[in-house]
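Reader: I would like to go through this model pocket by pocket and then turn to its ligand, with the criteria stated as we go. Could you take my questions in that order?

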Amino acid sequence: MNFTEIAQNRQSCRKYDGTKAVEQEKLDAILNAAQLSPSACNGQPYHVTVCTGDTAAAVAKATQGMGMNKFVSDAPVQLVISEKPYCRTAAVGSKLKHNDYRSIDIGIVAAYITAEATAQGLGSCILGWLDSEKIKSICDLDGDIRLVICLGYASADDKLRVKKRKDLDELVSYK
Ligand SMILES: Cc1cc2nc3c(=O)[nH]c(=O)nc-3n(C[C@H](O)[C@H](O)[C@H](O)COP(=O)(O)O)c2cc1C
(Lines give C-alpha, C1' and ligand atoms only; values in the text may rest on other atoms or scores of the structure.)
Protein backbone atom coordinates (compact mmCIF):
# COMPACT_ATOMS: atom_id res chain seq x y z
CA MET A 1 0.00 0.00 0.00
CA ASN A 2 1.36 3.45 -0.83
CA PHE A 3 0.49 6.38 1.44
CA THR A 4 -2.54 7.49 -0.59
CA GLU A 5 -3.96 3.97 -0.42
CA ILE A 6 -3.38 3.87 3.35
CA ALA A 7 -5.13 7.24 3.80
CA GLN A 8 -8.06 6.11 1.68
CA ASN A 9 -8.43 2.82 3.54
CA ARG A 10 -7.78 3.92 7.14
CA GLN A 11 -10.91 4.59 9.12
CA SER A 12 -11.93 4.40 12.74
CA CYS A 13 -12.81 0.76 13.29
CA ARG A 14 -15.68 0.33 15.73
CA LYS A 15 -16.42 -3.34 15.07
CA TYR A 16 -13.72 -5.88 15.93
CA ASP A 17 -13.47 -9.62 15.50
CA GLY A 18 -12.72 -10.47 19.11
CA THR A 19 -11.69 -14.03 18.19
CA LYS A 20 -8.62 -12.94 16.19
CA ALA A 21 -5.43 -12.01 18.03
CA VAL A 22 -2.94 -9.49 16.65
CA GLU A 23 0.28 -11.21 15.56
CA GLN A 24 3.47 -10.02 17.30
CA GLU A 25 5.14 -9.22 13.90
CA LYS A 26 2.30 -6.84 13.05
CA LEU A 27 2.47 -5.21 16.45
CA ASP A 28 6.24 -4.87 16.04
CA ALA A 29 5.78 -3.17 12.64
CA ILE A 30 3.36 -0.69 14.22
CA LEU A 31 5.70 0.05 17.14
CA ASN A 32 8.63 0.46 14.74
CA ALA A 33 6.58 3.01 12.78
CA ALA A 34 5.78 4.82 16.05
CA GLN A 35 9.50 4.97 16.79
CA LEU A 36 10.11 6.76 13.47
CA SER A 37 7.57 9.50 14.20
CA PRO A 38 8.94 13.08 14.10
CA SER A 39 8.57 15.41 17.09
CA ALA A 40 9.53 18.93 18.15
CA CYS A 41 13.32 19.03 18.76
CA ASN A 42 13.16 15.24 18.40
CA GLY A 43 12.01 15.19 22.03
CA GLN A 44 9.55 12.28 21.64
CA PRO A 45 7.56 13.38 24.72
CA TYR A 46 5.37 10.28 24.89
CA HIS A 47 5.40 6.64 25.87
CA VAL A 48 3.48 3.74 24.37
CA THR A 49 2.22 1.01 26.72
CA VAL A 50 1.02 -2.13 24.94
CA CYS A 51 -1.91 -3.68 26.80
CA THR A 52 -3.33 -7.14 26.16
CA GLY A 53 -5.47 -9.62 28.09
CA ASP A 54 -6.90 -8.42 31.41
CA THR A 55 -4.98 -5.13 31.21
CA ALA A 56 -6.49 -4.37 27.78
CA ALA A 57 -9.94 -5.18 29.17
CA ALA A 58 -9.42 -2.80 32.10
CA VAL A 59 -8.12 -0.02 29.82
CA ALA A 60 -11.09 -0.55 27.49
CA LYS A 61 -13.42 -0.05 30.46
CA ALA A 62 -11.66 3.20 31.29
CA THR A 63 -12.62 4.56 27.84
CA GLN A 64 -16.31 3.77 28.33
CA GLY A 65 -17.50 6.47 30.72
CA MET A 66 -21.10 7.63 30.14
CA GLY A 67 -21.79 4.66 27.85
CA MET A 68 -19.23 5.67 25.21
CA ASN A 69 -16.82 3.48 23.25
CA LYS A 70 -18.52 0.12 23.96
CA PHE A 71 -16.82 -1.45 20.91
CA VAL A 72 -13.38 -1.02 22.49
CA SER A 73 -13.85 -4.14 24.65
CA ASP A 74 -13.74 -6.34 21.52
CA ALA A 75 -10.31 -5.09 20.42
CA PRO A 76 -7.56 -7.41 21.69
CA VAL A 77 -4.86 -4.73 22.00
CA GLN A 78 -4.98 -1.28 23.57
CA LEU A 79 -2.03 1.07 23.03
CA VAL A 80 -1.90 3.68 25.78
CA ILE A 81 -0.15 6.90 24.82
CA SER A 82 1.03 8.78 27.88
CA GLU A 83 2.92 12.04 28.19
CA LYS A 84 6.62 12.24 28.99
CA PRO A 85 8.31 15.52 29.89
CA TYR A 86 9.52 17.83 27.12
CA CYS A 87 13.22 17.85 26.33
CA ARG A 88 14.83 21.15 27.36
CA THR A 89 14.81 22.81 23.92
CA ALA A 90 11.19 21.86 23.16
CA ALA A 91 10.15 23.08 26.64
CA VAL A 92 11.78 26.47 26.00
CA GLY A 93 10.42 26.69 22.44
CA SER A 94 6.91 25.77 23.56
CA LYS A 95 6.94 28.45 26.27
CA LEU A 96 8.43 31.20 24.09
CA LYS A 97 6.22 30.45 21.09
CA HIS A 98 3.06 29.57 23.05
CA ASN A 99 2.72 26.40 21.07
CA ASP A 100 1.66 23.05 22.55
CA TYR A 101 4.22 20.97 20.68
CA ARG A 102 3.60 17.91 22.84
CA SER A 103 -0.01 17.58 21.72
CA ILE A 104 1.13 17.94 18.11
CA ASP A 105 3.81 15.26 18.64
CA ILE A 106 1.28 12.89 20.19
CA GLY A 107 -1.10 13.45 17.29
CA ILE A 108 1.64 12.61 14.81
CA VAL A 109 2.65 9.41 16.60
CA ALA A 110 -1.01 8.39 16.67
CA ALA A 111 -1.20 9.02 12.92
CA TYR A 112 1.90 6.89 12.30
CA ILE A 113 0.51 4.07 14.46
CA THR A 114 -2.88 4.02 12.77
CA ALA A 115 -1.40 4.34 9.27
CA GLU A 116 0.89 1.35 9.86
CA ALA A 117 -2.00 -0.59 11.39
CA THR A 118 -3.89 -0.09 8.12
CA ALA A 119 -0.84 -1.15 6.11
CA GLN A 120 -0.73 -4.32 8.24
CA GLY A 121 -4.41 -5.05 7.52
CA LEU A 122 -5.55 -4.19 11.05
CA GLY A 123 -8.37 -1.98 12.27
CA SER A 124 -7.70 0.78 14.78
CA CYS A 125 -9.46 3.64 16.50
CA ILE A 126 -7.93 6.64 18.25
CA LEU A 127 -9.72 7.29 21.55
CA GLY A 128 -9.62 10.59 23.37
CA TRP A 129 -12.64 9.86 25.60
CA LEU A 130 -10.83 8.23 28.50
CA ASP A 131 -10.24 8.32 32.24
CA SER A 132 -6.60 9.32 32.56
CA GLU A 133 -6.30 8.67 36.31
CA LYS A 134 -7.80 5.17 36.00
CA ILE A 135 -5.49 4.21 33.13
CA LYS A 136 -2.46 5.65 34.94
CA SER A 137 -3.21 3.36 37.84
CA ILE A 138 -3.95 0.29 35.65
CA CYS A 139 -0.69 0.73 33.72
CA ASP A 140 1.40 2.15 36.57
CA LEU A 141 2.25 5.31 34.62
CA ASP A 142 3.16 8.79 35.90
CA GLY A 143 2.45 10.82 32.77
CA ASP A 144 -1.07 11.87 31.88
CA ILE A 145 -2.83 9.60 29.39
CA ARG A 146 -3.52 11.51 26.20
CA LEU A 147 -4.85 8.81 23.89
CA VAL A 148 -5.67 5.14 23.73
CA ILE A 149 -5.52 3.42 20.34
CA CYS A 150 -7.43 0.17 20.07
CA LEU A 151 -6.15 -2.40 17.61
CA GLY A 152 -7.48 -5.62 16.17
CA TYR A 153 -8.95 -7.27 13.12
CA ALA A 154 -12.09 -5.58 11.87
CA SER A 155 -15.22 -7.74 11.69
CA ALA A 156 -15.86 -9.14 8.20
CA ASP A 157 -18.96 -6.94 7.88
CA ASP A 158 -17.13 -3.72 8.81
CA LYS A 159 -17.01 -2.10 5.38
CA LEU A 160 -15.07 0.94 4.22
CA ARG A 161 -17.28 4.02 4.71
CA VAL A 162 -17.47 7.03 2.45
CA LYS A 163 -15.24 9.66 4.04
CA LYS A 164 -16.96 12.80 5.30
CA ARG A 165 -14.48 15.63 5.03
CA LYS A 166 -14.47 19.38 4.37
CA ASP A 167 -14.29 20.25 0.69
CA LEU A 168 -10.76 20.97 -0.45
CA ASP A 169 -11.61 24.64 -1.12
CA GLU A 170 -12.67 25.04 2.51
CA LEU A 171 -9.71 23.09 3.83
CA VAL A 172 -7.05 24.75 1.70
CA SER A 173 -6.33 28.23 0.45
CA TYR A 174 -3.53 29.65 -1.67
CA LYS A 175 -2.12 33.14 -1.07
C1 LIG B 1 -7.90 12.96 19.11
C2 LIG B 1 -8.99 12.02 18.68
C3 LIG B 1 -9.88 11.50 19.62
C4 LIG B 1 -10.89 10.61 19.22
N5 LIG B 1 -11.67 10.02 20.18
C6 LIG B 1 -12.58 9.07 19.80
C7 LIG B 1 -13.32 8.35 20.79
O8 LIG B 1 -13.15 8.50 21.99
N9 LIG B 1 -14.22 7.43 20.33
C10 LIG B 1 -14.42 7.18 18.99
O11 LIG B 1 -15.26 6.34 18.67
N12 LIG B 1 -13.72 7.85 18.05
C13 LIG B 1 -12.80 8.78 18.42
N14 LIG B 1 -12.04 9.41 17.46
C15 LIG B 1 -12.23 9.08 16.03
C16 LIG B 1 -12.88 10.22 15.24
O17 LIG B 1 -14.25 10.30 15.57
C18 LIG B 1 -12.69 9.94 13.73
O19 LIG B 1 -11.33 9.94 13.43
C20 LIG B 1 -13.38 10.95 12.83
O21 LIG B 1 -14.77 10.96 13.04
C22 LIG B 1 -13.12 10.65 11.34
O23 LIG B 1 -13.57 9.37 10.98
P24 LIG B 1 -12.56 8.24 10.44
O25 LIG B 1 -11.44 8.11 11.45
O26 LIG B 1 -13.37 6.99 10.35
O27 LIG B 1 -12.03 8.69 9.12
C28 LIG B 1 -11.04 10.28 17.83
C29 LIG B 1 -10.13 10.80 16.90
C30 LIG B 1 -9.11 11.64 17.31
C31 LIG B 1 -8.12 12.13 16.27
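Reader: How much space lies in the second largest pocket?
Author: This is a predicted model, in which local features need pLDDT of at least 70 and side-chain atom pairs count only at pLDDT 80 or more, while totals for chains, interfaces and linings use all residues. Residues are numbered from 1 along each chain as its sequence is written, and side-chain values use heavy atoms, leaving out hydrogens and water. A pocket is an open set of points on a 1 Å grid over the protein atoms alone, where a 1.4 Å probe fits, with protein on both sides within 12 Å along at least five of seven lines. With volume taken as the space filled by probe spheres set on the points, the second largest pocket holds about 180 Å³.

Reader: What is the volume of the largest pocket?
Author: The largest pocket is lined by 14 residues, and N9, Q11, L122, G123 and A154 lie nearest its centre. By class, this lining has five nonpolar, six polar and three charged residues. The volume of the largest pocket is about 220 Å³.

Reader: What percentage of the ligand's own accessible area does the protein cover?
Author: Of the 14 residues that surround the ligand, the closest are R10, S12, R14, N69 and R165, where surrounding means a heavy atom within 4 Å. Of the 620 Å² of accessible area that the ligand has on its own (Shrake-Rupley method, 1.4 Å probe), the protein covers 60%.

Reader: Which strand gives the largest share of the shell around the ligand?
Author: By class, the shell has six nonpolar, four polar and four charged residues. Its largest share, three residues, comes from residues 123–127, a DSSP run (E, at least two residues) numbered as strand 3.

Reader: Why is Q64 classed as buried?
Author: Q64 sits in the loop between helix 3 (53–61) and strand 2 (77–83), and its side chain makes a polar contact (N or O atoms within 3.5 Å, one donating and one accepting a hydrogen) with the side chain of S73 at 2.9 Å. Buried means under 20% relative accessible area, and Q64 is therefore buried because its value is 19%.

Key:
Helix = DSSP H or I, 4+ residues; strand = E, 2+ residues; numbered from the N terminus. Nonpolar A, V, L, I, M, F, W, Y, C, P; charged D, E, K, R; others polar. 1 Å grid on protein atoms, 1.4 Å probe; cavity = no way out; pocket = protein on both sides within 12 Å on 5 of 7 lines; lining within 4 Å. Buried < 20%, exposed > 50% of the residue type's maximum accessible area, 1.4 Å probe, protein only.
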